[in-house]
Amino acid sequence: MYTVNRKRLQKLTDSISKTSKHFNRYEIECLIKLFHNLMGESTEKQGSVGIDRNAFRNILHTTFGMTDDMIMDRVFRAFDKDNDGFVSVAEWISGLCIFLRGSLEEKMKYCFEVYDLNGDGFISREEMFHMLKNSLLKQPSEEDPDEGIKDLVDITLKKMDRDHDGKLSFTDYETSVREEALLLEAFGPCLPDSKCTYIISSRRKDNANSFAQMQILARWIECWTWSKEDLCSNPDSPT
């Protein structure tokens, strides 16, 4: 297991704590340790600067139950703010702040960014079609599933397009979500699955692999079922 230098850990924790909205200093230290465990020895051997796209997608799938390739790619881009192809430790914590503890306002902005595939500030009819086609299961009886998706896009626009311009602005999206919360993830799941509750039935003392640690941390952050001291001293043992 890779361990970060204590002085570097303190320096990173101090720096990130200044801008973190939803995690306190102690929690940030835990997240930094977890980040480096996920990174492993590649940090030194390959000079990696963060978690790459494939490793990040694996975390999204294994830990948060995501299966849509297009959405997972967009979530990676939302975390990777500097577009360098890696999620740095600061981006990791900043993203998790919204991902796990964000306010409705923050989650709306995040989801809209994920759904705005070309980054032009709107969710177009074509973008809706591609996302819904990618996320919906094809029924064997359907002769032309594209027609059904087009109908669904029309229904969605009728419900959410407040200014009737044939596309969704953030204002359209925000107004609709505030009226009906289920529309937050209207075009595909891009937040942790609410059903992803990780039940640890034993008090094993052996080292868990990095993804198991991530599962435990995600459950801890969302459910607050364990004490902070236990998480950071022995991240794979419940209280």
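This is a predicted model: local features need pLDDT of at least 70, side-chain atom pairs count only at pLDDT 80 or more; totals for chains, interfaces and linings use all residues.
Which helices are included in what covers the buried residues of H1? The points below answer this first and then turn to charged and aromatic pairs.

1. H1 runs over residues 6-17, which makes twelve residues, and from its first C-alpha to its last it reaches 16 Å, close to the 16 Å expected at 1.5 Å a residue.

2. The buried residues of H1 are Leu9, Leu12, Thr13 and Ile16. They lie on the same side of H1, because the arc that they cover around the axis is only 100°. What covers these buried residues includes helix H2 (25-39) and helix H6 (89-101), whereas the face of H1 turned away from its buried side carries the exposed residues Lys7 and Lys11.

3. Turning to charged side chains, the structure holds 18 salt bridges. One of them joins glutamate 29 and lysine 33, with 3.6 Å from N to O; both residues belong to helix H2, where they stand four residues apart, about one turn of the helix. Glutamate 29 has a relative accessibility of 12% and therefore counts as buried, being under 20%, while lysine 33, at 29%, counts as partly exposed. The two also take part in a network of salt bridges that links Arg6, Asp14, Arg25, Glu29 and Lys33.

4. A salt bridge can also link distant parts of the chain, as aspartate 73 and arginine 53 do. The closest N and O atoms of aspartate 73 and arginine 53 are 2.2 Å apart, and the pair links helix H5 (residues 69-79), which holds aspartate 73, to helix H4 (residues 53-64), which holds arginine 53, across 20 residues. Arginine 53 is partly exposed, its relative accessible area being 30%.

5. Another salt bridge brings together the side chains of arginine 125 and aspartate 154, at 2.5 Å from N to O. Arginine 125 lies in helix H8 (residues 125-135) and aspartate 154 in helix H9 (residues 145-160), so this pair ties together parts that are 29 residues apart in sequence. Both partners are partly exposed: arginine 125 has a relative accessibility of 36%, and aspartate 154 has a relative accessible area of 37%.

6. As for aromatic side chains, the structure holds ten aromatic pairs. Among them is the edge-to-face pair of phenylalanine 56 and phenylalanine 76, with 5.6 Å from centre to centre and 65° between the planes. This pair links distant parts of the chain, since phenylalanine 56 is in helix H4 and phenylalanine 76 in helix H5, 20 residues apart. Both phenylalanine 56 and phenylalanine 76 are buried.

7. The rings of phenylalanine 79 and phenylalanine 99 also pair, and because their planes stand at 85°, with the centres 5.6 Å apart, the pair is edge-to-face. Here the link runs from helix H5, which holds phenylalanine 79, to helix H6, which holds phenylalanine 99, and the two residues are 20 residues apart. Phenylalanine 79 counts as buried at 3% relative accessibility, and phenylalanine 99 is buried with a relative accessible area of 2%.

How values were computed:
Residues are numbered from 1 along each chain as its sequence is written. Side-chain values use heavy atoms; hydrogens and water are left out. The expected span of a helix is 1.5 Å times one less than its number of residues. Buried means under 20% relative accessible area, exposed over 50%, partly exposed in between (1.4 Å probe, protein chains only). The arc is that of the directions from the helix axis to the C-beta atoms. Contact means heavy atoms within 4.5 Å. A salt bridge is a side-chain nitrogen of Lys or Arg within 4 Å of a carboxyl oxygen of Asp or Glu. Rings of Phe, Tyr and Trp (its six-membered ring) pair if their centres lie within 6.5 Å; planes under 30 degrees apart count as stacked, over 60 as edge-to-face and the rest as tilted.
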